[in-house]
Amino acid sequence: MAKPFSFKVLATDGKARRGVIDMPRGEIRTPAFMPVGTGGTVKAMYMDQVRGVGADIILGNTYHLMLRPGAERVARLGGLHEFARWPQPILTDSGGFQVMSLSKLRKLTEKGVTFRSHIDGAAYEMSPERSIEIQGLLDSDIQMQLDECTALPAEIKEIERAMELSLRWAERCKTAFGDQPGKAMFGIVQGGDNAALRVRSAQALSAMNLKGYAVGGLAVGEPQAVMLEMLDITCPELPDDKPRYLMGVGTPDDILKSVARGIDMFDCVMPTRAGRHGLAYTRRGKVNLRNARHADDPRPLDEESDCPAARDYSRAYLHHLVRSQEALGAMLLTWNNLSYYQKLMQDMRAAIEAQTFEARGAEITEGWARGDIPVL
């Protein structure tokens, strides 16, 4: 019999939580950042590098994988872990956000959503049951309910309609998921930027007794202050003994401030996308390697980093790779960025255990504010 899914809070400091999710494919140390492997690959990275920087879990995307190469094909080839050579846990998002943002000619009903692929225009149907079926074919460890994510700003009636539909879909996803030992299905709190709707959504999902809860529909264009206000309202309504996942977030500052409000899990394309566009995340803040100031600089990005990409290559070389559009530039900067994000998570976990989270957070923030090293 498979080991059951479990979550345990090991330490707290204020509202910040240090915990562990235990699953058959491994432990997930929280707070955790999940590198995004949308189509079965974390862009510009080898999977052993992803593991090497400290990631315990990666994210795959139901919408993209169902379109290409197809969930049934992945299942025939042994599931996503075998297909992508990642033996640790995988979380799959439901595809709802991509259906709403990428697909053409979509039509939403109580049953689900019909849409046309952004790749070739082919017609598809996605119901809550089909989303869970696809995630099962992929052999995902943590599966997300299908929801409707409303772009902000939006009228309150539209936000409420989408939130209520998402709750009904959550019930259907729970039924479709059933009892899968060692795996989990998370619900998704919606409600836009409306406090009362967020509370209603969180309370209704909590009553479903799911294995984890995500906060969705944030970091979609609203100011950071609004996102943090919604977390202040939502997190207290969620069970203390279940993991909390803030979807699609975010910058290092977003993550630091969200952990302070009780969030346990994060994912975002930001570190990988930035790496492909010449931008490095460091303890001194963001560094744009496209800038001419780096052209003759023999110093590394960060001489104290454990990551070879940050420690062993000169800024001049990284600048050359980026400006020449060499693939290695994207690879090295993505490696640096994911390493930095995982180091940030490690720092926060250690600080929560040591009861120094607030002080450590202030040190990290001050480091970003000081900025990069002076020009040679």
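A: Happy to! The largest nonpolar core has 88 residues, and among them Leu246 and Phe266 touch the most other members. A nonpolar core here is a set of buried Ala, Val, Leu, Ile, Met, Phe, Trp, Tyr and Cys residues joined through side-chain atoms within 4.5 Å. Buried means under 20% relative accessible area, exposed means over 50%, and partly exposed is in between (1.4 Å probe, protein chains only). Helix α14 (residues 327–353) gives this core its largest share, eleven residues. Helices (H or I, at least four residues) and strands (E, at least two) are DSSP runs, numbered from the N terminus.

Before going on, please note that this is a predicted model: local features need pLDDT of at least 70, side-chain atom pairs count only at pLDDT 80 or more, and totals for chains, interfaces and linings use all residues. Residues are numbered from 1 along each chain as its sequence is written, and side-chain values use heavy atoms, with hydrogens and water left out.

Now back to Leu246. Setting aside neighbours within four places in sequence, Leu246 is in contact (heavy atoms within 4.5 Å) with Val215, Leu218, Met227, Leu231, Ser258, Ile263, Met265, Phe266 and Asp267. There is also a second, separate core of 20 residues, which includes Phe5, Ile142, Met144 and Ala184. In soluble globular proteins, nonpolar side chains tend to be buried together.

Next, have a look at helix α6 (residues 128–137), whose buried residues are Pro128, Ser131, Ile132, Ile134 and Gln135. Seen down the axis of α6, these buried residues fall within an arc of 160° (taken from the directions from the helix axis to the C-beta atoms), so they line one face of the helix. After α6 comes Asp139, with a positive phi near 65°.

Finally, the annotated positions. The unreviewed UniProt entry lists Asp93, Ser94, Gly95, Gly96, Phe97, Asp147, Gln190 and Gly217 under "binding site"; such annotations may be inferred rather than shown by experiment. Gly96 lies in helix α5 (residues 96–101), and Phe97 lies in helix α5 too. Gly96 counts as buried because its relative accessibility is 1%, whereas Phe97, at 43%, counts as partly exposed. Not counting residues up to four places away in sequence, Gly96 touches Leu146 and Asp147, while Phe97 touches Cys149 and Val220.
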